[in-house]
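This report looks at salt bridges and helix geometry in a single model. Please keep the sequence and the structure in view while reading.

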Amino acid sequence: MTTVSTAPEVVPGHRSAEHLPSLARLTAVELRKLVDTRAGRWLLITIGLVSAVIVALLLVYAEAPEQNFAVFFTTALLPVGVLLPVLGILSITSEWSQRTALTTFALVPRRERVITAKLVAVVLAALGAVLSSLAFAAVGTAIAGATGGAGTWRIEGALVAHAVVFQVASVLMGAGFGLLLLNTPLAIVSYLVLPIIWSIVGELVRPLNRAAEWLDTGRTMEPLFTAEVTAGQWQRLAVSLVLWLVVPVVAGTVRAMRREVA
C-alpha cells in the first residue's frame, strides 16, 4: 500500500507565510531602531526641546491675546516639521551607512515588507510629534492662563487634522529622499537644499511663477497652518506631493529593492 505524504513541500530558501514576522512586529522593530541609534535618539530629544523652547519664547515675548492653545500649537509645527524629515531619512539610510542591511534583509528577505514597516514607523513618529505639540501647547496655555495671558483653549479640529497631514507628509518626504539616495549626508542636504533652490528659482524666474504655485511645497503646505483649506489649495498640495513625496518614495523603493547589499 502506497502512503501519500500531505506535508507541504519545502522549497530551499523559502520561508512559509506563517513563519514570516508580521507587519506589526516589523514596525515595532523599526520604531525601536529610531531610538536605539545615537543620532535618532538625540534627534527625538531635540524635537521635544524645540517644542518646549517655542512655547517658552511665546510665553515670554508674545502679546497676551496670542498666548492661546491654537497659537502655541501652530507655532511649534514648523520647526518640528523641519526636523522630522531628518528622522525619516535616518530610518532608511542607517541600514546602509551602518551596514546592517545585510542582516536585516537576511532575516526578512522580502525587502518590501521592511520598507513598508519603516514608512509606517516614521508615520507613527509623526503622529507622536503632533501629540507632543498638543501636550506642549496645553502646558503653555495653562501657564499663560495662570500668568495673565489669554489662556484660551479653543482650537479647530480641522487645524489638528491639517497638522497631521503636514507632519506625515514632511516625514514621508524625508523617507523618500532617504530611499532614493541611500546616503545620509547626501539625502539630508538634498532634502533641505533642493526645495529652497526651487522656491528661489520659482520666485525669481517669471515663467516659473505659475508652476511654483503648484510644485513649491513651501507655498502649497502653508494653508495647512490654518483651519480652512480650499479645494484649490488641496489640489495644489496634492500635485506638489506627487513630485516631492510620491516620486521619491516609489523610485527609491525600486532602487532599494534592486541594490546589492554589501
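**Terms and basis**

A residue is called buried under 20% relative accessible area, exposed over 50%, and partly exposed in between, using a 1.4 Å probe and protein chains only. The model is predicted, so local features need pLDDT of at least 70 and side-chain atom pairs count only at pLDDT 80 or more, while totals for chains, interfaces and linings use all residues. Residues are numbered from 1 along each chain as its sequence is written, and side-chain values use heavy atoms, with hydrogens and water left out.

**Salt bridges**

With a salt bridge taken as a side-chain nitrogen of Lys or Arg within 4 Å of a carboxyl oxygen of Asp or Glu, the count comes to ten. One of them pairs Glu30 with Lys118 at 2.9 Å, N to O; because Glu30 lies in helix α1 (residues 23–36) and Lys118 in helix α5 (residues 111–147), this pair ties together parts that are 88 residues apart in sequence. Glu30 is buried at 6% relative accessible area, and Lys118 is buried at 5%.

Within α1, Arg32 and Asp36 form a salt bridge at 3.9 Å, N to O, and, being four residues apart, they are separated by about one helical turn. Arg32 is partly exposed at 47%, and Asp36 is partly exposed, also at 47%.

**Helix α6**

Helices are DSSP runs of H or I with at least four residues, numbered from the N terminus. The expected span of a helix is 1.5 Å times one less than its number of residues, so the 25 residues of α6 (residues 157–181) should span 36 Å, which agrees with the 37 Å between its end C-alpha atoms. Just after α6, Leu182 takes a positive phi of about 55 degrees.

How values were computed:
Helix = DSSP H or I, 4+ residues; strand = E, 2+ residues; numbered from the N terminus.
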